[in-house]
Amino acid sequence: MRQFSEFDRYLLEKFPIKEEYLNDPDRPLIYELLHVEKHTGTRLGRIYTRHGIVHTPMFMPVGTQASVKNVSPRDLEEINAQFILSNTYHLWVRPGDDLIAEAGGLHKFMQWDGPISVSYTHLRAHETCADL
């Protein structure tokens, strides 16, 4: 499980977690605005997901084909990666839906228990191919 950085711990102390946002089955993703910087408008926020809490802004590594190239899941935890960005079209092409399902889902396949953000390109590609 991902460890919070020193900055995350500071934010948790200054802006406590809203318990009512955790594990809400009707809202799989909730954004909470924590602060807006008065001179620049820069926002500080928190995203609650079913796989963890992340603070924004953040560094988000890209794992288009279910892996962040040359970086292990352990390395991602050590650099305090909070979220991984993936692409459903690339996942569909390789490694493929069947292999991911056989592994028990994307989180198990990637050996990552934190949040994963995916695009819906796969669905659009599937619909387009079905229309041909």
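# Close-up views of a predicted protein chain

**View 1. Confidence and overall composition of the predicted model.** The protein chain has a mean pLDDT of 84, and 89% of its residues reach 70 or more; pLDDT is the predictor's confidence in each residue, from 0 to 100. This is a predicted model in which local features need pLDDT of at least 70 and side-chain atom pairs count only at pLDDT 80 or more, while totals for chains, interfaces and linings use all residues. Residues are numbered from 1 along each chain as its sequence is written, and side-chain values use heavy atoms, with hydrogens and water left out. The chain has 6 helices and 5 strands, where helices (H or I, at least four residues) and strands (E, at least two) are DSSP runs numbered from the N terminus. Their order from the N terminus is α-β-β-β-α-β-α-α-α-β-α. Of the 132 residues, 33% count as buried; buried means under 20% relative accessible area, exposed over 50%, and partly exposed in between (1.4 Å probe, protein chains only). The accessible surface comes to about 8,900 Å², of which 54% belongs to carbon and sulfur atoms, with areas taken from the Shrake-Rupley method with a 1.4 Å probe; for residues, only the protein chains shown count as cover.

**View 2. The segment of lowest confidence.** Confidence is lowest in helix 6 (residues 121–131), at a mean of 46, and highest in strand 1 (residues 29–36), at 94. Over residues 122–132 pLDDT stays under 50, and the model has 6 contacts beyond four places in sequence for this stretch; contact means heavy atoms within 4.5 Å. For the protein chain, residues 24 or more positions apart account for 53% of the contacts with a separation of 6 or more.

View 3. Three strands form an open sheet in the order 1-2-3, with antiparallel pairing; two strands pair if DSSP finds at least two bridges between them. Strand 1 and strand 3 (52–56) are the edge strands, each pairing on one side only. From one strand to the next, the twist averages 15°. Helix 1 (residues 6–14) packs on the sheet, where it touches strand 2 and strand 3, and its direction makes about 90° with that of strand 2. Axes are lines fitted to C-alpha atoms, for helices over the stretch in contact, and angles run from 0 to 180 degrees between N-to-C directions. Strand 1 and strand 2 (residues 43–49) are joined in the antiparallel sense over 7 bridges. Tyr31 has Ile47, in strand 2, as its bridge partner.

**View 4. Surroundings of Tyr48.** Tyr48 belongs to strand 2 and counts as buried, at 2% relative accessibility. Residues up to four places away in sequence aside, Tyr48 touches Ile17, Lys18, Tyr21, Leu22, Pro28, Leu29, Ile30, Glu32 and Ile53. The side chains of Tyr48 and Glu32 are joined by a polar contact of 2.8 Å. A polar contact is a pair of N or O atoms within 3.5 Å; within protein, one must be able to donate a hydrogen and the other to accept it, and residues adjacent in sequence count only if both atoms are side-chain atoms. A polar atom of the Tyr48 side chain also lies 3.0 Å from the backbone nitrogen of Lys18. Tyr48 and Asn23, 25 residues apart in sequence, are 8.5 Å apart C-alpha to C-alpha.

**View 5. Surroundings of Leu76.** Leu76, in helix 2 (residues 73–78), is buried, with a relative accessible area of 4%. Beyond its neighbours within four places in sequence, Leu76 is in contact with Pro61, Val68, Val71, Ala81, Ile84 and Trp112. The C-alpha atoms of Leu76 and Trp112 are separated by 9.1 Å, although the two residues are 36 apart along the chain.

**View 6. The side chain of Asn87.** Asn87 lies in strand 4 (residues 84–87) and is buried, with a relative accessible area of 16%. Its side chain has a polar atom 2.9 Å from the backbone nitrogen of Tyr89. The backbone nitrogen of His90 lies 3.0 Å from a polar atom of the Asn87 side chain.

**View 7. Backbone geometry in the loops.** The peptide bond from Thr56 to Pro57 is cis, with omega near 0°, and Pro57 is found in the loop between strand 3 and helix 2. Asn70, also placed in the loop between strand 3 and helix 2, has a positive phi of about 65° although it is not a glycine. Asn70 is exposed, with a relative accessible area of 82%. Asn80, in the loop between helix 2 and strand 4, has a positive phi near 65° and is likewise a residue other than glycine. The bond from Arg94 to Pro95 is cis, with omega near 20°; Pro95 lies in the loop between helix 3 (88–93) and helix 4 (97–103).
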